[in-house]
Amino acid sequence: FAILLSHTVLAAVVPILVGVTLYRALRGQFERHRRVARWTLPIWLYVSVTGVLVYLLLYQLYPSAARPV
């Protein structure tokens, strides 16, 4: 449950961080871009890995938990 909760919350934050990071890069604000990108990349990688993990846990390892009763 902890993995699912952290994945869900951070997955909601990633698009905002990506938007800010891209905006600052395109505007040429590279110092500010780097400050946000230092957080954006690790969070995005965590969300990517935990997304696969949540899928495997929910649909492969415990498939009966995903089916309605």
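The model is predicted, with pLDDT of at least 70 required for local features and 80 or more for side-chain atom pairs, while totals for chains, interfaces and linings use all residues. Residues are numbered from 1 along each chain as its sequence is written, and side-chain values use heavy atoms, without hydrogens and water.

Switch to a cartoon. The chain has 3 helices and 0 strands (DSSP runs, H or I of at least four residues for helices and E of at least two for strands). Its radius of gyration, 16 Å, is well over the 11 Å that the globule rule gives for 69 residues, so the chain is more spread out than a compact globule (C-alpha atoms; the rule is 2.2 Å times the number of residues to the power 0.38). The C-alpha trace spans about 55 × 15 × 15 Å along its principal axes.

Next, select His-33, in helix 2 (residues 30–61). Beyond its neighbours within four places in sequence, His-33 contacts Thr-21, Arg-24 and Ala-25 (heavy atoms within 4.5 Å). Its side chain reaches the backbone oxygen of Thr-21 at 3.0 Å.

Then move to Thr-40, also placed in helix 2. Thr-40 counts as buried because its relative accessibility is 8% (buried is under 20%, exposed over 50%, partly exposed in between, 1.4 Å probe, protein chains only). A polar atom of the Thr-40 side chain lies 2.9 Å from the backbone oxygen of Val-36. Outside four places in sequence, Thr-40 is in contact with Leu-17, Val-18 and Thr-21.

Definitions and conventions: A polar contact is a pair of N or O atoms within 3.5 Å; within protein, one must be able to donate a hydrogen and the other to accept it, and residues adjacent in sequence count only if both atoms are side-chain atoms.
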